[in-house]
Structures are given as C-alpha cells and as structure tokens.
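Subject: Handing over a structure

Hello,

I am passing this structure on to you, and I hope you enjoy looking through it.

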Amino acid sequence: MSVAFAQGGTSVVHRFVAANRSLCRSFERRFSRFFGFPSYQDELRNRIDASLEGCSGDVLEIGGIDRPFLSKDDHYRYVGMDIEEKPLCHDV
C-alpha cells in the first residue's frame, strides 16, 4: 500500500485498475455479443433443472443455511444439508 493510498489519496496502481475496469465495462456494454459472459448462476440453474426433470427420488443440496438454491417439490424429496455455521444457526 502506498503512502498516498493510506492517507486517503489514490495510488497510480489504484487509478490504473479503476480506469481499466471502467474501460472494460464500457467495451462490454458496447460490444456485448463479443465481450459478454454468460451468467454462471443461470447456467447452474439450467443444469440442475435439466437433471431434476423427471426425478422422483431424493435430492440432497449441500450449502449455506440462509441461501438454499432449491425448494421443496412434489416430484422429489428435498433434503438440505447446511455446511455453514452462523451465530444463531442452531436456533433455526
């Protein structure tokens, strides 16, 4: 960390990174078909939905306590396994 950055100013590297990000965002907006990236969450959702299609068994989701990706469904038995601990997670 440079002295100028620590005192509330901006370093040359900080300004360069900020300018680079701004330039990249403007290129992505202007040429979205070339620079645009797919939404990985949408891709994950599509793959999960495809694998659950016609499913009639048990489905285990492993993840955080406050953000389940799946929800209960009449076509399969949903089981959630939390692997994260938060201060009040035992009160749920």
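Below is what turned up, from the whole chain down to single residues.

A word on the ground rules. This is a predicted model, in which local features need pLDDT of at least 70 and side-chain atom pairs count only at pLDDT 80 or more, while totals for chains, interfaces and linings use all residues. Residues are numbered from 1 along each chain as its sequence is written, and side-chain values use heavy atoms, with hydrogens and water left out.

The overall picture

The protein chain has four helices and two strands; helices (H or I, at least four residues) and strands (E, at least two) are DSSP runs, numbered from the N terminus. Read from the N terminus, the order is α-α-α-α-β-β. The chain has 92 residues, and 12% of them count as buried. Here buried means under 20% relative accessible area, exposed means over 50%, and partly exposed lies in between (1.4 Å probe, protein chains only). The accessible surface of the chain is about 8300 Å², with 56% of that belonging to carbon and sulfur atoms; these areas come from the Shrake-Rupley method with a 1.4 Å probe, and for residues only the protein chains shown count as cover. If you take the contacts (heavy atoms within 4.5 Å) between residues at least 6 apart in sequence, 11% join residues at least 24 apart.

The salt bridges

How many salt bridges does a search of the whole structure find? There are three, a salt bridge being a side-chain nitrogen of Lys or Arg within 4 Å of a carboxyl oxygen of Asp or Glu. In general, side chains of opposite charge can pair when their charged atoms come close.

Helix H4 (residues 40–52) holds both Glu43 and Arg47, four residues apart, about one turn of the helix. Their side chains meet in a salt bridge at 2.7 Å, N to O. Glu43 is partly exposed at 36% relative accessible area, whereas Arg47 is exposed at 59%.

Arg45 and Asp49 also form a salt bridge, at 3.5 Å, N to O. Because they are four residues apart in helix H4, about one helical turn separates Arg45 and Asp49. Arg45 is partly exposed at 28% relative accessibility, and Asp49 is partly exposed at 38%.

Then there is Asp58 with Arg77, whose closest N and O atoms are 3.0 Å apart. This pair links distant parts of the chain, 19 residues apart: Asp58 is in strand E1 (residues 58–63) and Arg77 in strand E2 (residues 77–82). Asp58 counts as exposed at 55% relative accessibility, and Arg77 counts as exposed at 52%.

A nonpolar patch

Leu23, Phe27, Phe31, Phe34 and Phe35 make a nonpolar surface patch of about 510 Å². Helix H2 (12–30) and helix H3 (32–35) are the elements that give two or more residues to the patch. Patches use residues with over 30% relative accessible area and no salt bridge, joining like charges within 9 Å and nonpolar side chains (Val, Leu, Ile, Met, Phe, Trp, Tyr) within 5 Å. Phe34, in helix H3, counts as exposed at 68% relative accessibility.

The cysteines

The structure holds zero disulfides, a disulfide being a pair of cysteine sulfur atoms within 2.5 Å. Cys24 is partly exposed at 45% relative accessibility, while Cys55 is buried at 19%.
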